[in-house]
Amino acid sequence: MDSIGIRQFSIDDYDRAVEIWQQAGLAVRPGDDKASIIRTLEHNPGLFLVACAGGEIIGTAIGTYDGRRGHLYHLAVLPAYQGRGIGRRLIDEIGQRLAALGCPQLNLSVNLDNTAAVKFYEAIGFETRGLQMGKTL
Ligand SMILES: CC(C)(COP(=O)(O)OP(=O)(O)OC[C@H]1O[C@@H](n2cnc3c(N)ncnc32)[C@H](O)[C@@H]1OP(=O)(O)O)[C@@H](O)C(=O)NCCC(=O)NCCS
């Protein structure tokens, strides 16, 4: 297989990113429309990363920083490329970029029934800290 590179997302990558989310089984929600992604990029420059193989995007990860904590969204790797360390690399790169901004902690949300993702996050050093609650606005 091709060697894997990591680079910043550009809005021209939007349609391909949506394909990756769908193929990896992530729910694509109204907040994932192009205008929302543009807003996310403006607020969080350099924190939306993609993994590429042979010029084709095969993984995504969105980082955000609100000035207190970092948050990870839409970590996804195409099924054919899973288990090759790409998810770990994407998170490590976002973690380094957040740390460079002075961010002390990276949080994320995961559906309780996504046990594979929970095991993945535990394998790379994340731990469960409390319960996250949310409300649709
Ligand atoms: C979760 C996901 C991003 C992981 O990416 P990946 O590239 O397959 O993971 P990696 O190869 O980087 O794995 C890193 C470590 O986690 C471990 N790991 C990965 N999946 C695992 C699983 N299901 N169970 C146990 N350990 C797992 C690997 O063994 C590896 O550990 P090691 O380095 O000690 O060998 C990927 O499986 C995916 O896209 N899943 C579907 C979408 C999803 O659920 N995203 C998360 C939403 S919150």
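A residue is taken as buried if 20 or more other C-beta atoms lie within 10 Å of its own. By that criterion, in this predicted model, helix α3 has Ile86, Gly87, Leu90, Ile91, Ile94 and Leu98 as its buried residues. Seen down the helix axis, these residues fall within an arc of 135°, so they line one face of α3. The face turned away from that buried side carries the exposed residues Gln96 and Ala100. The partners of the buried residues of α3 include several strands and a helix: they pack against β1 (4-8), β2, β3, β4, β5 (106-108) and α4. As for its geometry, α3 has 15 residues and reaches 21 Å from its first C-alpha to its last, close to the 21 Å expected at 1.5 Å a residue. Just after the helix comes glycine 102, with a positive phi of about 95°.

In soluble globular proteins, nonpolar side chains tend to be buried together. Here, the largest nonpolar core has 21 residues, and those with the most contacts inside it are Leu49, Ala51, Ala61, Leu75, Leu90, Ile91 and Ile94. Two or more residues of this core are given by each of α1 (14-23), β2 (48-53), β3 (56-65), β4 and α3. The largest share, 5 residues, comes from α3.

Strand β1 can be followed through isoleucine 4, which lies in it. Isoleucine 4 counts as partly exposed because it has 18 C-beta neighbours inside 10 Å. Leaving aside neighbours within four places in sequence, isoleucine 4 is in contact with Ala51, Cys52, Ala53 and Ile86. Of these, Ala51 is listed among the core residues with the most contacts, and Ile86 is one of the buried residues of α3. Isoleucine 4 and tyrosine 14 are 10 residues apart in sequence, and their C-alpha atoms are 19 Å apart in space.

Turning to the ligand, 21 residues surround it, and the closest are Gln82, Gly87, Arg88, Lys119 and Ala123. The elements that give two or more residues to this shell are β4 (70-77), α3 (86-100) and α4 (115-123). The largest share of the shell, 5 residues, comes from α4. By residue class, the shell divides into 12 nonpolar, 6 polar and 3 charged residues. Although α4 gives the largest share of the shell, this helix is hardly covered, with a count of 0 buried residues among its 9. Just after α4, glycine 125 takes a positive phi of about 105°.

Two further sites deserve a friendly look. Asparagine 114 is found in the loop between β5 and α4, and it counts as partly exposed because it has 13 C-beta neighbours inside 10 Å. Asparagine 114 and valine 77 are 37 residues apart in sequence and 15 Å apart in space, C-alpha to C-alpha. The other site is histidine 74, placed in strand β4. Most residues other than glycine have a negative phi. Histidine 74, in contrast, has a phi near 50°, a positive value in a residue other than glycine. Histidine 74 is partly exposed, with 19 other C-beta atoms within 10 Å.

Terms used. Residues are numbered from 1 along each chain as its sequence is written. This is a predicted model: local features need pLDDT of at least 70, side-chain atom pairs count only at pLDDT 80 or more; totals for chains, interfaces and linings use all residues. A residue is near a molecule or strand if its C-beta atom, placed from the backbone, lies within 6 Å of it. Helices (H or I, at least four residues) and strands (E, at least two) are DSSP runs, numbered from the N terminus. Ala, Val, Leu, Ile, Met, Phe, Trp, Tyr, Cys and Pro count as nonpolar, Asp, Glu, Lys and Arg as charged, and the others, Gly among them, as polar. A nonpolar core is a set of buried Ala, Val, Leu, Ile, Met, Phe, Trp, Tyr and Cys residues joined through C-beta atoms within 7 Å. A residue is buried if 20 or more other C-beta atoms lie within 10 Å of its own, exposed if 12 or fewer, and partly exposed in between; C-beta atoms are placed from the backbone. The expected span of a helix is 1.5 Å times one less than its number of residues. The arc is that of the directions from the helix axis to the C-beta atoms. Two residues are in contact if their C-beta atoms, placed from the backbone, lie within 7 Å.
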